Amino acid sequence: MKKQLLLFAFSALALTSCKDDNLEAYDMDIMKGDWKEVKREIISGKDNKTVLQSYPNTGCAAKNTLFFRTDYYVSYTAYTGTGADCQMDQKTEGRYTYDADSKVLGIKLDNEETSNYRVDMLTSKDLRLAQQFGNFDLDGDKIPEVTYVTYKR
């Protein structure tokens, strides 16, 4: 009986101490590929629901693309121009980190500091990131607002 109890205790310990690498690999597999930035929203930090400002990407900016690979490579391509005359303005490359447990995505492009985002939504068609830096109080309630960036395939 003691041997069975000891075996059960060690099994339970081994199962609970393993990090779920499969979840991270699964999320990264969904994340890989091109994502078009469709809008930025500033949401009230007080209720995390009220949209205070919304900035849909229009014109050439609607072509701005965030690209992920599963080897932690990331790039961001920005477009400028007028009307249908859109030209690639800048492409920055870098690395990213991802923690599946906390859903924190760290993006480091070229020589910039790492910018952290919380993955708010991730499906095969939609990616919504909550910016974890540079947030400020817009509506005067002394609670910083949250900037969300939405991407689509």
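In the predicted model, the charged end of R69 is placed over the ring of Y73, at 4.0 Å from the ring centre. A second contact of this kind involves R128, which lies over the face of Y148, 3.9 Å from the centre of that ring.

The strand arrangement was examined next. Strand 3 (residues 65–68) and strand 4 (residues 73–82) run antiparallel and are joined by 4 bridges. Within strand 4, T77 stands opposite T65. The hairpin of strand 3 and strand 4 has 4 residues between the strands, and Y72 in this hairpin adopts a positive phi near 75°. Strand 4 also pairs with strand 5 (residues 85–99) in the antiparallel sense, over 10 bridges. Y76 has T92 of strand 5 as its bridge partner. The hairpin formed by strand 4 and strand 5 has 2 residues between them, and G83 in the turn shows a positive phi of about 60°.

The model contains 4 aromatic pairs. In one of them, the ring centres of F68 and Y96 are 5.1 Å apart and the ring planes meet at 80°, so the pair is classed as edge-to-face. F68 belongs to strand 3 and Y96 to strand 5, and the pair thus links distant parts of the chain, 28 residues apart. Both F68 and Y96 are buried. Y96 also forms a tilted aromatic pair with Y72, with 5.4 Å from centre to centre and 50° between the planes. Because Y72 lies in the loop between strand 3 and strand 4 while Y96 lies in strand 5, this pair ties together parts 24 residues apart in sequence. Y72 is partly exposed, with a relative accessible area of 29%, whereas Y96 counts as buried at 3% relative accessibility. F68, Y72 and Y96 form one aromatic cluster.

Technical notes: Residues numbered from 1 in each chain as written. Predicted model: local features only at pLDDT ≥ 70, side-chain atom pairs only at ≥ 80, totals over all residues. Heavy atoms only, no water. Pairing = 2+ DSSP bridges. Phe/Tyr/Trp six-rings, centres within 6.5 Å; stacked < 30°, edge-to-face > 60°. Buried < 20%, exposed > 50% of the residue type's maximum accessible area, 1.4 Å probe, protein only. Lys NZ or Arg CZ within 6 Å of the ring centre and 35° of its normal.
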